[in-house]
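Have the sequence and the model open while you read.

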Amino acid sequence: MTSTTPPPPPPPQPPSGGPPSGPGGHGGEPPTGGHGHSHSHGPAAPVSQHLRKVIAAVLIPFAAAVVVGLLVLWPGGAPSHERTGVGMDRQTEQGSVTKVDQVDCADVNVSQPPPNGDTSTPEGRSAQEQATGKCEKATVEVTSGPHAGRTFTEIVQPDASRKLHQGQGVVVAYAPDAPEELQYSVTDVNRKFPLALLAAIFAVAVVLVGRMRGLMALVALAASFALLTLFILPAILQGSNPLVVAVVGASAIMLIALYLCHGLTARTSVAVLGTLVSLLLIGLLGSVFIGWAALTGNTDDNTGLIHGLYPEIDMSGLLLAGVIIGSLGVLDDVTVTQTSAVWELHQADPTMGWRKLYRAGIRIGRDHIASVVNTLVLAYAGAALPLLLLFSIAQSSVGMVANSELVAEEIVRTLVGSIGLVASVPVTTALAALVVSADKGTGVPVGGAPATRGGRGRRRKR
């Protein structure tokens, strides 16, 4: 007598419109083909149609306002002006050092004997060294511009910090109103090749490690620089309000960078909202304290030259614009990380309500706050290190150093930006927790597996 074994029942079919479970779907083993867009933060949580409409109702008008702001404020390029020949406002050409000879400083009339023979001061010691030392006489050929091929000599004194060598590329300043033999002078060295090589190494490293996401990050970086050079800077030079230009430009950079790098998802939209709230807080605090501390924004030769060439520019507004733009890059990192953390927590336990999600996310955010604030403070301190060194040499008190406008600017910039970064953690965490816990319209938990009766994946009403 033979017995037949009944065939096994067919596997349960997923709900209509939902993702499959088991191999090849989000609910089981990873697929071997087909669905190939996994990201480092994991798949984005599904959201209901109603929630998409709510997020769109907030972000679409904001994006439209940014586009309108770009169109209204878009400049026709930087305005022209008469060159002053001072500082960076000089006409420059490219050159190359063809020969360097050692000569006595006394023979080229650059030596200045110390007054009364006193070599106890730095000026006296420098003069003594020039009187008895060897100078370099460099022959430089102009390689660009209307006088390409012309040569001139440049004397490099013994105590000069920058030396020249044969074959070195240099940047030469051109003064058309000076006598012919004095029209050209070396103003800097040509650093284009090492900088371009370093940029290429950076780009290759980003693409090798980040792959497609790294490539998108480079595209976003290029778009950010394009907005900075084609919109923000020329618009400020054209006389537009620096604060308004910075807000519009920073918002455009934020939208492009976040959506290009992280995709057009609800998770990215929450990060955009958190970044926007934090930027508004930074702008408000910066405006209050820059005015309260009477910071003019005109503290060095470069800002003085800008004010001299374009006196209509609001320098304190320019300072506030710098605070906003400088804080944007770190804000993006904080808001994206916090949003992703909340999404992953919800994926691990879809039954968590928004309060539990918020408390768990804020614990992660506290670690992030400590590292980010320290990073921001050290970045500003590193940029101002020569200035701080000068105050240390002068043996000024901490109070006097902090009260000077140069240092007070950096203090306000650092603290305002840090307050915005700290505030972005609870704001973004709360927004993300509310969004993922309020979303009940997909019928599947965040991980993508269909809900089953009696199982942990069952969606509870919250």
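The points below go through the ground rules, the strands, a helix, the surface, the charged pairs and some contacts across the chain.

1. Ground rules. This is a predicted model, in which local features need pLDDT of at least 70 and side-chain atom pairs count only at pLDDT 80 or more, while totals for chains, interfaces and linings use all residues. Residues are numbered from 1 along each chain as its sequence is written, and side-chain values use heavy atoms, with hydrogens and water left out.

2. Strands. Start with β1 (residues 91–104), which pairs with β4 (residues 169–174) in the antiparallel sense over 6 bridges. Strands and helices here are DSSP runs numbered from the N terminus (E, at least two residues, for strands; H or I, at least four, for helices), and two strands pair if DSSP finds at least two bridges between them. To find your place, look for G95, whose bridge partner in β4 is V170. β1 also pairs with β2 (residues 134–142), again antiparallel, over 9 bridges. There, Q102 stands opposite E136 of β2.

3. Helix α4. This helix has 21 residues and spans 29 Å from its first C-alpha to its last, close to the 30 Å expected at 1.5 Å a residue; the expected span is 1.5 Å times one less than the number of residues. α4 is mostly covered, with 15 of its 21 residues buried (buried means under 20% relative accessible area, exposed over 50%, partly exposed in between, with a 1.4 Å probe and protein chains only). At its start, a side-chain oxygen of N241 comes within 2.8 Å of the backbone nitrogen of L243. After α4 comes G263, with a positive phi near 90 degrees.

4. Nonpolar patch. Which residues make the nonpolar surface patch? They are V207, M212, L215, V219, I256 and L260, and the patch covers about 450 Å². Patches like this take residues with over 30% relative accessible area and no salt bridge, joining nonpolar side chains (Val, Leu, Ile, Met, Phe, Trp, Tyr) within 5 Å, and like charges within 9 Å. Areas come from the Shrake-Rupley method with a 1.4 Å probe, and for residues only the protein chains shown count as cover. α3 (192–237) and α4 (242–262) each give at least two residues, and the largest share, 4 residues, is from α3. M212 sits in α3 and counts as exposed because its relative accessible area is 54%.

5. Salt bridges. How many salt bridges does the structure hold? There are 6, each being a side-chain nitrogen of Lys or Arg within 4 Å of a carboxyl oxygen of Asp or Glu. In one of them, R150 meets E180, with the closest N and O atoms 3.9 Å apart. That pair links distant parts of the chain: R150 is in the loop between β2 and β3 (151–156), E180 in the loop between β4 and β5 (184–189), 30 residues apart. R150 is partly exposed at 21%, while E180 is exposed at 57%. R191 and D188 also form a salt bridge, at 3.0 Å from N to O. Bridges with shared partners join R162, D188 and R191 into one network.

6. Contacts across the chain. I290 belongs to helix α5 and is buried, with 5% relative accessibility. Is A294 buried or exposed? A294 is exposed, at 57%, and lies in the loop between α5 (266–292) and α6 (301–309). A294 and E409 are 115 residues apart in sequence, yet 10.0 Å apart from C-alpha to C-alpha.

How values were computed:
Polar contact = N/O pair within 3.5 Å; in protein donor to acceptor, adjacent residues only side chain to side chain.
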